[in-house]
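Trainee: I am new to this structure and would like to learn how to read it. Could we go through a few features together?

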Amino acid sequence: MSTPDQRLADTFVALAQSQGDAFDSAGFLTKLAHQSVEVLGVGAAGAVLVTTDENKGTQAGASHPGVERLELDAACWLEGPSYDCHCAGELLTDSALDEAQARSCWPQYSARAQALGFIGVAALPLRSQDESVGALVLLRKEPISLSADVLALGQSLADAATVALLRERELAKSRILTAQLEHALSSRVVIEQAKGILAVRLGLPMDTVFDLMRRYTRSHHLRLTDVAGDVVARRRIPGLEEM
């Protein structure tokens with residue numbers, strides 16, 4: 001049986017190794033939430049990632065299905081500890097959900113969380129230097145507030161997760177840039193091949209052929225790379241060689 005220290009070390013290793021071409025950010029958030037419950041001994045945890053990608057929006061993972069739904073709804077409500085924590089980029093210490101301040105600041109979140117059986121909540125920012133990308137929410141069912149030591153350890157988990165998430169974001173940008181460069185290079189090669197074929201066929205200089213191709217694509221609302229591809233494939237292009 002592994003010791004608590006070994007489980008803690010394994011948790012940090014698992015967070016650090018969660019990169020690769022098949023990286024699943026929602027799955028990573030769920031893993032972070034489950035490991036937070038195991039290491040910190042809280043009732044449940046939810047991890048929220050606020051992305052800059054409009055197609056993905058806010059993503060969440062949780063150790064409890066009701067908490068995951070709660071965190072996603074809270075993002076739509078623009079309220080709750082995860083929302084406030086992300087906006088401020090600062091720790092929100094343990095708050096009792098039935099207190100007047102919680103009910104006033106988070107009316108929908110507080111009511112839903114209590115209906116799920118939780119009585120207290122804290123939130124830790126997923127941050128790196130001055131950048132906040134989300135929050136790790138810790139919920140409790142016990143009457144004893146989460147200690148400073150628990151919150152400090154939770155912040156360490158959140159920091160490790162943030163490093164992994166930001167590293168993956170940079171890798172994703174790098175993959176997109178590489179694909180764009182490869183596409184641009186491939187397109188340029190095809191265009192140069194088409195210029196050479198037409199130059200020989202028409203007996204014209206390369207620059208003249210290139211101008212001819214550009215005039216043709218503009219007048220017919222076509223892409224230069226598509227026309228060049230047709231030339232290289234020896235497909236007939238009505239009107240091009242007569243311009």
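Trainee: How many bridges join E4 to E5?

Mentor: Bear in mind that this is a predicted model. E4 and E5 run antiparallel, and nine bridges join them. Within this pair, Gly120 stands opposite Arg140 in E5. The two strands form a hairpin with two residues between them, where Gln129 has a positive phi near 55°.

Trainee: Which strand pairs with E5 over six bridges?

Mentor: That is E1, again in the antiparallel sense. Here Leu49 is the residue opposite Gly134 in E5.

Trainee: Is E5 largely enclosed or open?

Mentor: In a regular strand, side chains alternate between the two faces of the sheet. In E5, eight of the ten residues are buried, so the strand is largely enclosed by the rest of the structure.

Trainee: Which residues of helix H4 are buried?

Mentor: An α-helix has 3.6 residues a turn, so residues three or four places apart point the same way. In H4, residues 81-88, the buried ones are Pro81, Ser82, Cys85 and His86. Their arc around the axis is only 125°, which puts them on the same side of H4. Among the elements covering them are helix H3 (65-77), helix H6 (107-115) and strand E5 (131-140). Just after H4, Gly89 takes a positive phi of about 70°.

Trainee: How many disulfides are there?

Mentor: A disulfide is a covalent bond between the sulfur atoms of two cysteines. With a cut-off of 2.5 Å between sulfurs, the count is zero. For Cys87, the nearest cysteine sulfur is that of Cys85, 9.3 Å away. Cys87 is exposed, with a relative accessible area of 52%.

Key
Residues numbered from 1 in each chain as written. Predicted model: local features only at pLDDT ≥ 70, side-chain atom pairs only at ≥ 80, totals over all residues. Heavy atoms only, no water. Buried < 20%, exposed > 50% of the residue type's maximum accessible area, 1.4 Å probe, protein only. Helix = DSSP H or I, 4+ residues; strand = E, 2+ residues; numbered from the N terminus. Arc of directions from axis to C-beta. Contact = heavy atoms within 4.5 Å. Pairing = 2+ DSSP bridges.
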